[in-house]
Amino acid sequence: MRRFLLVLAGVACAGFLHAADEPLPKAETLLDGYVDATGGRAAYEKRKSEIMSGTIEFAATGMKGTVASYSDVSNNNYTVVELEGIGKIESGVYNGQPWESSSLQGTRLREGAEKADAIRDSTFNGPLYWRKLYSKAETVGVEDVNGEAAYKVVLTPNEGKQQTIFLGKKSGLMIKRVATISNPMGEIPMEMGMANYKDFGGVRMPASMTQKVMGQEFSISVQDLKTNTEIPKDRFEPPAEVKKLMAAK
Amino acid sequence: MLLSVALTAALLAAMTPEQRSRNIESFDYVWTTIRDKHWSMPAGLDWDKVRDELRPKVETATSASQARTAMLDMIGRLKQSHFNIVPQDVSEVLGDAFKSEHSGEGDPGLDVRIIDGHAVVVSVADGSPAQQSGVRPGWVIRKADAVEIDPLLRKISAVIVEPRTRGLMLSRAVLFLMQRSAGSTIKLEFLDGANQPVAKEIRAIDPRGAAVKFGYMPQVHIWFESAKKDNIGYARWNMFMDPPMLMSRFGDAVQSCKECDGFVIDLRGNPGGLGVMAMGIAGWFISRPDQKLGVMKTRDSELKFVVFPRSEVFANPLAIVVDEGTASTSEIFAEGLKDLGRARIFGSPTAGAALPSVFERLPNGDGFQYAIANYIAEGGKPLEGLGVTPDVEINLTRKALLAGHDPALEAAFDWIREQRKTK
């Protein structure tokens, strides 16, 4: 047994040496590979709508809540987060106009770079359309992400700031994303980790996500994700106060 | 925090090795968190040295209280607000004076401020047991059960490093001292309007407002009141918490007063809460986009406190009333609107305790509050230690209270009436 292990260790070491000299794969290979690793183009194209529900928790501060999101091929979406002691935070994209409404800050329309980010993120089956969403994608290295070697790919959108994604060398799955949230409140660095990929209607998606923003960390656990369930059209309609702002625009 | 240091009483219960280990773990967590998250450590403070000095005290502590005292000493070296260690049982830290009867959240219905070194009743809640007992604004509280108030105030006052926060901390201490479980009674001794001693036995009632829980923070009760007097709107609430209730009721108050000549927001005694709510409420009064109340600066980023205008904004004069009990989010709100030229501020200088903070649970079960950022108001002034200086400074006097006056509030209403005349 010992000899067997040593042989395997030698093979592994040889593999590392080889990898060190190996040229980095092209970003397009990795991004297309991500589509394949998560189910393939055909599986994505079968998806016409998505309803997700889950929980959200700020472990350090003890805040807990629920999250639900609705999206479909119209690229409209609606997300509602309800946190204990805070209330409802709603956001969405409606006919190309991103918006947000919360009991904390009131209501607003997202504009500028923030609007571009929101529209890009709301693209249904987004991984299929990365060539349209980003003007440039470049593999810049290999990094360790929680003990897993990952290709580091920098994506440059048509409008907005660059973001970096990390795709597992073995799995091809996205395991980390680093971006800057553009917001009237500032340029806020954000880091998101993805794990626990599960098959939801033929496409594998992360069921666990952690996000770090301004020194605070929260996690989202997907409890349920239904695909191709009919979503009432009015589900995407924003609250009346948002509609007033849209009308006044 | 300093109040806690001052009043900490040693608990004699022996600790198990496991408890000691959890205290050391907690100490290390507090030290590391501040090292890693403080936006800019105070000049001249050697944080490694602080650890080397105080960690042995936790290692050799014979009680949870001793360990906590060392941790409070550590965070006290920062000399900044919003750093605190709160025991699981809050009464534990406040010592015998607070421990004897204190066991609930109820109160007799009094509000208190420190005037000329004495705890003076500034308001008596309508229909409360205090009102039914005949207590009046302007009376001085001399004793609560067995506790002499003036010596207690002197004792706490002696260890308060930042004088600007003294009024806030002392009045909060007296209010805390009067808390009882609803239905139980408290013996209070007063000096009445004629400076005659008066003793009352007053029943405590449930705290005003709805109970709200926010993460690991201790439960609080939140209330909101609004009125329309002489075609001027008025709103007051006790904390910036419970956004679903507060924001909805505030919105209703403003919208039901669309044609009012002005609006008065009374933030006296309001110690703050959720910072972002300042932006949400300001949105009812700011019509221009891209205006901000100030900037929160963390170690690696800045967060602008941007105001998002509501679809229907109240455009007439706005007055904000503040005092030494006005702190944190209340200061962010008041100073921001003052700097933007949108509000005129009346009352006395505020507490200057305005650092954004979070509240976590330590391994030993205690709560740990720590500031994560500095806050600079729109006019360029850090609020910490400086607070809000009113445009019209009016300090409350016992004489005015006894005469049934509220000079700061009256001045705010008078100013709006003057604006109406000159319109």
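Q: Which residues touch the most other members of the largest nonpolar core?
A: A nonpolar core is a set of buried Ala, Val, Leu, Ile, Met, Phe, Trp, Tyr and Cys residues joined through C-beta atoms within 7 Å. Buried means that 20 or more other C-beta atoms lie within 10 Å of a residue's own; exposed means 12 or fewer, partly exposed is in between, and C-beta atoms are placed from the backbone. Here the largest core has 131 residues, and B:Ile141, B:Ala278, B:Ala282 and B:Ile320 touch the most other members. Helix α4 (residues 64-76) of chain B gives this core its largest share, seven residues. Helices (H or I, at least four residues) and strands (E, at least two) are DSSP runs, numbered from the N terminus.

Q: What should I keep in mind about the model and its numbering?
A: This is a predicted model, in which local features need pLDDT of at least 70 and side-chain atom pairs count only at pLDDT 80 or more, while totals for chains, interfaces and linings use all residues. Residues are numbered from 1 along each chain as its sequence is written, and chains are lettered from A and ligands numbered from 1 in the order in which they are written.

Q: Which residues does B:Ile320 touch?
A: A contact means that the C-beta atoms of two residues, placed from the backbone, lie within 7 Å. Leaving aside residues up to four places away in sequence, B:Ile320 touches B:Ile265, B:Leu267, B:Ala334, B:Leu337, B:Ala343 and B:Ile345.

Q: How many residues of helix α12 of chain B are buried?
A: Count them along the helix: 10 of the 11 residues in α12 (residues 329-339) are buried, among them B:Phe333, B:Ala334 and B:Leu337. The buried residues of α12(B) pack against α11 (276-282), β13 (291-297), β14 (302-307), β15 (318-322), β16 (343-347) and β19 (374-377) of chain B. Just after α12(B), B:Gly341 has a positive phi of about 75°.

Q: Where does chain B divide into domains?
A: Domain bounds come from an automatic or database domain assignment. For chain B they give domain 1 (2-79), domain 2 (99-203) and domain 3 (210-357 + 368-422). In chain B, 15 residues of domain 2 are in contact with 17 residues of domain 3. On the domain 2 side, β2 (110-115), β3 (118-124) and α9 (166-177) of chain B each give two or more residues.

Q: How many residues does each chain bring to the contact between chains A and B?
A: Chain A brings 27 residues and chain B brings 31. On the side of chain A that touches chain B, α6(A) gives the most, with four residues.
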